Each structure stands twice: as C-alpha cells, then as structure tokens.
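Please look at the sequence and the structure together before reading on. The report below takes up a few features in turn.

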Amino acid sequence: MKKTACSVWVREIKKIFSTSKGKILVLDNINLEIKSGELFIILGPSGCGKTTLLNIIAGLEEPTEGEIFFGDKVVFSSQKHIFLEPFERDVAMVFQSYALYPHMTVYQNMAFPLKNLKFKREEIKKQVIKIAQMLRIETLLERKPTELSGGQKQRVAIGRALVRTPKVLLMDEPLSNLDAQLRAEMRVELKLLIKDLGITTIYVTHDQIEAMTLGDRIAILKEGVLQQIGDPNELFYHPKNIFVAGFIGTPSMNFLSAEIIRDKLPIKNRDITIGIRPQDIEIRPPNKGIINVSVQLVEKTGDKYIVYVDYKKQKIVIETSNFSGEREISLFWPKEKTHFFNKKGERIESAKINSFHQIRD
Amino acid sequence: MSERRIKSIFIATGSIFLFLFIITPIFWMIVISFSKDITFLTGGVYQFSLSNYITIITSKSLHMIDYLKNSLVVASITSPIVLIISSFSAYAITRINFAGRRIIPLLVLSISIFPQISIVGYLYRWMGNLGWINSYVALVLPYLAWTSPLALWILLSYFSQIPKELDSAALIDGAKRPKILFRIILPLASPAVLSGLLLVFIACFNEFLFALMLTSDYGAQTVSVGISLFQGLHGEIPWGELMAASFFVTFPLILLTFLFQKFIIEGLTTGAIKG
Amino acid sequence: MKIKCHRRTIIAYIFVSPLVLIIFLFILVPILGTCINSFFQDIPYLPKKFVGMRNYLILIKNPDFWDALKFTIFFTLASVSLETILGISFALLLKERFPGRGILRTMLLIPWAIPTVISARIWQIIYNYNYGLLNYILQYLKISDKINWLGTPQSAFWALVLADVWKTTPFMALILLTGLQAIPEDIYKQAKVDGARFIKRFFFITLPLLRPALIVALIFRTADSLRIFDLVYVLTGGGPAGATRTISVLGFQYYTSADFGMGATVSFITFLIVFGFSLLYIKLWGVRKL
C-alpha cells in the first residue's frame, strides 16, 4: 500500500486575521518548495505563525491569499476558489497534545482513519498491527490513552497518522511535551522512522537543536515573515540576518556594534554589527587579542567551559574546553569566522569588508 | 461561649430546622395518603389504609393512570429530541466561528425568563386551528422550545471544555462533522447528556400552564393537570386520594432524583453559574 | 475574503437551525402574536376587531389590574427576600462538615423535584381550615385559634409566600452553596488570623465573593416570582375574591372567560414587566460578559 511521497509547494501564502482591534498580518508572503520525501522543518519562536502555517497546509485553516500544491494537485487556490478539506488532501497530522480520542482504545484510535476510508475490518486490523509493531506499541492496543505514558501516547499519535500512509505528514511540536531525555531518544527514532518510510514531512518546532538535528532543510519564521531557508549548515555558517544568526546555535552568537574605518563601501554603511559564535572565540592573555575583557562568571558543563565576560557594558559569551580562571583576559577570533551585518541586520559578505574595522562601544 | 460552641449549636439547630422544613410537607402528604379519613386531626382517629391508593389506581373515572401515561410519553419524547437538537447547536457554537455564535446563547438564555402566559394564549389559538389541541404534538413542540435553554446551557458548558484539537484530528482522519459530534464529542460529554436528559424529563412532568391550556381531557392531559383538576364525585376534594395520587407520582420522581443526584446537581449548578 | 461563506459556516448554520426554528416558532412567534392580539378586541360572537390601544386603556382604568400588579410585586419582594435569606443560611450551614450533611444536601432536591402543582395541593391541605396541619398545631400548642389561611387576603398572601419559599429556597441554597464552595478556604483562614469575627467575615468576604452567583440567582428568581402562575392557581385560584391574583393569573382568567384580546393584553404586559425587570437588574448590577 505504499504510495509515492509528493512534493509540497506553498506559494505566496498570506493570512490576515480580523480582530476587534483591527487586522493582523499573521503570515506574509510565504513561499516554500518542499521536496518529495524531505524532512522539512519550520522553525521559529512562539507566535511567529508556524502553527498557523501548518494548519493552513493541513486544511484546518484557510489562508487569505495564495496557493498550495501537493505534487501537481492544487490543494488550495485563492484565485481559483479551490479549497480542499483536510481529508481530501491526504495529509496526516501529529499534534503537540497528541489529541488522542480519550474514550477509545489505542487500537480504535489508530483504526479510526481507516474506518472513515471504509476499509474492511481485516485490512484495518492488518494495517494497525503493522504500524503498531513498527512503533513498538503493539502490546498497548487495548489500553486507553489515559493509561499511557507521554512517550507512549506520542507513538500512538504518530501511529494514527501513519496508518493511512499519507502523502504528507505534518507534525506540530510533537516532542515538546516530553522530558529532555525522552525527547533526545525520540528525535533519533523519529528521524529513522521518517527516513525509512520516505514520507514528505513538515515539522514545526521552536527548538533549534531539534531543527538542526532532524531537518534536511529548515525554514526560519519570525512574526509571519520567512527569514531564511536552507540546510542546517547554511543556516549555521551563513545566516542571512541577525535574527537567524542569533537563533541558531547554542550558546547563541555574540553581537557587537562596530564601525568600518577604511572601506570601499558607501559612507552611510559605516555602522555594522559583528557576530561571532562563542565556540569561535579564542581566549588569550591580556593585550594579546583583539579586545581586553573582564570575566564575570564561569560555568563548567562536563568538559566545556562557558565563560561570561563584560566588554564596555556588553556581554560576550565564550565556549572553550580550556580555561584557567584568570580575571582579565583578551579575546581573539579569526576574520573567516566573523559574521558581518549591516544596520538593517542583513548579512554583508565578508569579502566586501576591508580588513580594518574597529569595535565601538 | 467560644465561637466553636456557638457554631456547633447553630449547626445542630440549623440542621434540624432544615430537615423539618423540607420534610414536613412530604411527611404530611404521606400520612394523609395512607389515612382512611382526614378528619383524624379534628377528633377522629387515624386509621392506616391503602384504600386511597387502590382507588386512584383502579378508578377509571379518575384517570390517574392516563395522566401518568401522558406525562411519561411527553417527557420521554421531548427529552431525547431536545438533547439532540441542542447538541447540534452546542457543537456549532463551541467549535465553529460563525456570526450567530454569541447571539444564539443569549437569545436562548433570555427565553428562560419569558412568562408562559405570554406564550400560551397564541399557542392555544394556533394549535386549535391546526386541530392539535389535546394531542401529544401540542405539548411536545412547545416543550421542546421551552426546555431547550436548560439543555443548551448544560451542553455548552461541557462541550467548551472538550479540546478543539480532537476535532482537528478527527477532521484530518476523515470524519465529517456529524460523525465527530456523535462518535467523539457526545461520548465524551455523556455526564452532561445524562444530566440534560434527567432535568428535561423532570421539567416536563412539572410543567403546568401549557398542559392546562393545550389539552382538554385525559387523552393528553398530564399529571400536573390531573392533580390540579382532581375532584371527588360530589365536588368536594378527596384529600386522601389526592395525596395518594400525589405521592404516587412524587415517589418515583424523588427516587430518580436521589439516584442521579450527582448529575442533576452538576447540571443545575453549571447551568446557573455559567449564566 | 469572499470564500468566507464556505463549508464551515454553512454547516454551522445547518446545525443551529433546528433549535432556532423551534424557538422561533413556539416562543418568539407566540409572543409576537400575543402582542399583536393585544391590539384587537376578541370576544365571543363578535368578529375580531382592531382597536389599537383600547385594551390597554381599559386595563389602566381597571382596579383589578392594579391590584394584581401590586400583589405580584409585593409577593415577589416578600418571596425573594425570604428565599435569599433562608437560602444563604442553608448554604452556609451545608458548607460546614458535620454528620448527616450529605443527606441534608440530597434532601434539598426534594422540593425541586416535586411538580409545583403537587406541592400546591399539599400546602392546600396543610392550610385547610378544618383539617389542616397548621391550624391543628396552632390550636394544640395553644398559640392561637384557627386561622382561615386561604380565606383572608392577608393570610393568603403569607400562605402563598411560605409555599413558594418552600419550593424554591432549596434550589437557591444549592446554587449559593456552589458559589460558596468556590471561595478559597485560605481567604477565611487569613481573615480569622487577622481577627475578623463571623459577622465581619460574612459581610466583607463571603457576600462580596458570592455576589456573581447571587446576582444570577436573583435575576432568575425575581423573574420567576413575577411570572408565577402554577402555585397561585392551584393553591388559591387567585382568591379569596381575586385578592391573590398575580398578573399571570389575571391574564389566564381573561383567556378562560373568552376575552381573548384582554387576555393577550395582560399577557403581553406581563412579558414586558418581567423582561423589563431583568434588563433593569442587569443594568444595575452589570453582569459580566459571558
């Protein structure tokens, strides 16, 4: 019963909410091209519109404008007045709260979609057991959701989604309700499972670690506007703006304001922001580096040190594996690892920046 | 005396007072129903007897059984129908964002304040023209409307607590709205549904004015009407038999209430507090 | 935005339509109809005739109407006040833990569960001049002579009030009990520690926090009292000689004496009064948005 996965094309999707306080633009010209079989992440802080976007793709909410294609099929088009119900789109969704039917057993929960498709009882049974075994919950089939642990509930939710072998799998922060250790375990399992099944998956989260470890490609969303789309490496090494740069990576990137002294750029671009990742900063004895700083706090996590320093009232964080605990130090970082951003927060290619620049306070 | 002591005294006296307050009329009804002759207070002697009960059950001209039957039929038809109608409305109101979402609950609530007399006159004419006077239809239809606020409020309050994500999941799983209502929401709301059924059922028994005006004889008259019209063969009120009839009706109602008191109280208080 | 009128909304309207239809047909239309009929003269043997405000003018000049109105209002005042005081007392009582509390709480439902008509009959026999329980107790305890409870306007008034209070106080107590239980115990503990005695606690903590539930209960109970019919009709029939006629009973009597137009007029006025009072309450006490 294996269906071919399909691509998803989100074109110029806009969503405006009319509230008593006026109109709110929740999603602004979203364009995404998700490849067939890809594990695509939509990442962003709370309230950025990612769940709305997912609901729109699912057909649970209606966009104000735009088009959505699943493969060649138009699933939504504002111009042509086409709107397919969720069920007609052949999507499946896993909710953050799992949304399991509390009064049905695990088996009945997983069988529900197939019953709606009018499958025969034996076929249903076969399919449910097959998926249950894949998720290792076959022993739980007669239990009710209230009797299950968080991790088990989550598997059932995934099982219910997979049982129809949908064209597109949507996941709304499925791991947020699990504790840290379980979350890490499930991440791995989930990735293996999805890759194994080869279903096109769109996964929404606010956790950038999750995004970076799971995703083939990630789209970062902020207040309804797409910031950047790319694979984890691109986002990490070439963030397009300050927001993306600060959002990806732990501990987050340090930002310092600076000024270009000698330059080949027009005068008005003199003020820039420099970004350096804590891992890229080298600690040196005073006066041997770019700036002198005083250490405020040192945290030791296992084998790494997180050093918090103060530079003219700005805070800088360094991650290093060696630190001997001096109070006054200097910091150094290579130009290749430096990120430059203009006044608007957009990335400037370092090639355009002259080698001379000075840190301003 | 300490506050504690005062408190205990108040509790004791209060409880006794409450108990007597509630029980006395009931007790009296029972006493009279089992007495041969009600003059025992003014010089006669109290004689225990079942004759009143036998009379009301067997006497054809008193029609007690008919009245009971009618009440039962009307209540049994009305309850499930009004619950179903209200479920559909409660579902739409709590789950779909549409224009009437806020107005309809207010409209329905305001109905529970309307005086029956303002409604029944016109209904009488109308039913009369349709030839429906003294039929079950004439009672059931107005009762459906009259008890709907009760049903709607209970269901609204319960439905709104069921997470909407369940609906989303079911929609994605391919269920249509009615299916979602019956397979998912109603099973989860079963305590509320039960409360609603009970409260509406009891309300139908209790209703008086509509039944009084829209029925004309024992063919459709309900228990309330029957008891109000109760007369002896010579025009004097046969108290013994009347009380027997009263207790006969009251006893199952009280039993029902006691058995399902949890649901009834839930239904009554959520209905009122929410309002 | 044009697609807004799509499936979801249509389904919603379909879902609410049976309820709205039933209410429209069997409640709204009749009230409208009653209103319209109040402008007609409608008595036997004469064709129905439009007479404008004439019924209303006749009514205003009719002392029966004013008597009924006065009676209804006084009855409501007496009944609702007593119910509230008793209701709060019972609720306070039942909030405490003591043996037998559960049974008492269950017993609260008894008066509510009994049809009003039956309770009216029971009180009728209790108030009976010759064989009634009340007169018997009065004589037995040598408090007073037999009183013609239902035979004199003054006593009939109180007889009705008592019967109404019996029927409705338990329900009031139940609602208020729930309201009381919603008040966190910690607040009382704090108050006790701060030295507040019972009366103080009651007026400064209990009442204010009970206010929302109390207001709702009062609105419903006042509306119920103003429109009361069942109890009065069966217990006193509006007597003696129309002394205990409430406005609903008055309307009913016009209807049954086949003066349909006047019946409609009184009925519609009743509607306006009850509705008006409720709106007044809401205005005065600002019920919070649902």
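What follows describes a pocket and a pair of packed helices.

This is a predicted model, in which local features need pLDDT of at least 70 and side-chain atom pairs count only at pLDDT 80 or more, while totals for chains, interfaces and linings use all residues. Residues are numbered from 1 along each chain as its sequence is written, chains are lettered from A and ligands numbered from 1 in the order in which they are written, and side-chain values use heavy atoms, with hydrogens and water left out.

The second largest pocket holds about 1100 Å³ of space. Among its 31 lining residues, those closest to its centre are Lys7(B), Leu92(C), Leu93(C), Glu96(C) and Phe198(C). Helix 1 of chain B contributes the most to this lining, with nine residues.

In chain B, helix 3 (residues 64-95) packs against helix 6 (residues 136-159) at an angle of about 40 degrees, and their axes lie 6 Å apart. That angle makes helix 3 of chain B oblique to helix 6 of chain B (oblique is what remains once angles under 35 degrees count as roughly parallel, over 145 as roughly antiparallel and 65 to 115 as roughly perpendicular).

The table sorts residues by class (Ala, Val, Leu, Ile, Met, Phe, Trp, Tyr, Cys and Pro count as nonpolar, Asp, Glu, Lys and Arg as charged, and the others, Gly among them, as polar).

| Site | Residues by class |
|---|---|
| Contact of helix 3 with helix 6, chain B | 19 nonpolar, eight polar, two charged residues |
| Lining of the second largest pocket | 15 nonpolar, five polar, eleven charged residues |

Conventions
Axes fitted to C-alpha atoms, helices over the stretch in contact; angles between N-to-C directions. Helix = DSSP H or I, 4+ residues; strand = E, 2+ residues; numbered from the N terminus. 1 Å grid on protein atoms, 1.4 Å probe; cavity = no way out; pocket = protein on both sides within 12 Å on 5 of 7 lines; lining within 4 Å. Points joined across faces, edges and corners; volume = space filled by probe spheres on them.
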